[in-house]
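I opened the model to look up overall dimensions first.

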Amino acid sequence: MSNALDVSWLIQKDRIHSDVYLDADIFEREIDILFSRHWISIGHEGEIPGHGDYRQRLIGRQPVIFLRDDSGTVRVLMNRCTHRGNAVCQNERGNSKGFTCSYHGWRFRLNGELATVPFPDRYGGDFDKSALHLRQPAQVASHRGFVFATLNPDEVPLTEWLGPRVLAELDDIADLSPLGELLVNAGVHRLKFRANWKLMIENAIDGYHAGSVHRSYNESIAARTGVNLASLATSSAPARIVDLGNGHCAWDSRALLAAGAKSLPTMQSKGDAARAYEAALIERHGKDRAAHLLSKSGSHLYIFPNFSYVGSHFRLFQPVSASETRVQLFPILLKGAPPDINARRLRMHEGFYGPAGIGGQSDDIEIFERNQLGLAARTDPWSIISRGIHLETRHDDGTVSGQITDELSNRTLWKRWRDLMTQPSEESAPCAR
Ligand code: FES
Ligand SMILES: [Fe+2]
């Protein structure tokens, strides 16, 4: 896409144009700008608890290794041999003492240093191993174990990108653990679907679809437990969507508890495990904060562009093309919580989002593909995101919120998308070292 191509008109305050889901040039610009020049989520430190644990990830289309080195430092290294560019890490996940390039045998330490090269006698005196370490993204930073990276050395600090409200949301997630530490060791679900990645991020904080798309799930829960999930996402439900700034947003479930909802994970928990868990949270955080944390146990968080947290898991979105997306879902367990509490979290995650889950794949993924199909009919190429636009509430602290079935989250993320996508195009940002 050239600089001259203007995408700003595609995003209006109450509608968006189909090109943003269908156009290959726009997709390339997303990879260049959103996924290369700004912060994206890489994963969570809990995925790689042991020295030498690693995962392969992508920054845009660039392969990286997300790992913990032998000093315990979490790193992100470009998965490219500094000799002639071979990928030094082949497995999607694993544990290693280092990475040996399979082409000519250069060996790299976990901290990225070039350790040895075969037959070094054929290099001249100016051959400097210390200048040939594995490269790394320009910036890597984390908050409460959630790791982010960017290829852009001039990008603002992560704390500024996230903003204080998102930082507080991540604190609330991590503090659900009585030890303040999340475990991300329960495996991963991988999804792929034939639709644009933004159809799933729109859905990350969308209460409007729950009654129709998840009707069969709601009915099965009602039949088994008597709990009326459908009532949580009607136009009179008290839950709110909150604009957290910079394209980030949240579904705040606290009002559901205040209204007496009995459907969210810890609310269902009765008995010794729930009492022990609550007591452990009170001991660590005090009564008020513990109550605050428990009241948010069903909340959702979306961090622009590729991260969302959905109650008991977080997910990373990986765009492949304008019409293909891959997603990884990581269940989150709580270090120090009673085993029954963690087992409940995992069972709830599996029941809705797991490979045999009734909601995530059979419902939402099917809808994304139908959405992509329908968007191709372009006699009228506009999608409407005006629901609740006249009913938004501006609070004293500057935040804006809307009702759970309103389209505030869509307006929030699309405004951010437009602001970033209308930046002038540049050469790909360099990496450090
Ligand atoms: S490309 Fe890696 S050792 Fe040659
Ligand atoms: Fe859904």
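The C-alpha trace spans about 75 × 60 × 40 Å along its principal axes.

This is a predicted model: local features need pLDDT of at least 70, side-chain atom pairs count only at pLDDT 80 or more, and totals for chains, interfaces and linings use all residues. Residues are numbered from 1 along each chain as its sequence is written, and chains are lettered from A and ligands numbered from 1 in the order in which they are written.

I looked up burial (20 or more other C-beta atoms, placed from the backbone, within 10 Å of the residue's own). Of the 433 residues, 45% count as buried.

I read off 13 helices and 24 strands (DSSP runs numbered from the N terminus: H or I, at least four residues; E, at least two).

Next, H9 and H10. Helix H9 (residues 272-285) packs on helix H10 (residues 287-295) at about 130 degrees, axes 7 Å apart. I noted a right-handed crossing for H9 and H10 (the near helix turned clockwise from the far one by less than a right angle).

Which residues in H9 meet H10? I found Glu278, Leu281, Ile282 and His285 in H9 against Lys287, Arg289, Ala290, Leu293 and Leu294 in H10 (contact: C-beta atoms, placed from the backbone, within 7 Å). The contact residues divide into 5 nonpolar, 1 polar and 3 charged.

Methods:
Axes fitted to C-alpha atoms, helices over the stretch in contact; angles between N-to-C directions. Contact = placed C-beta atoms within 7 Å. Nonpolar A, V, L, I, M, F, W, Y, C, P; charged D, E, K, R; others polar. Buried ≥ 20, exposed ≤ 12 C-beta atoms within 10 Å, placed from the backbone.
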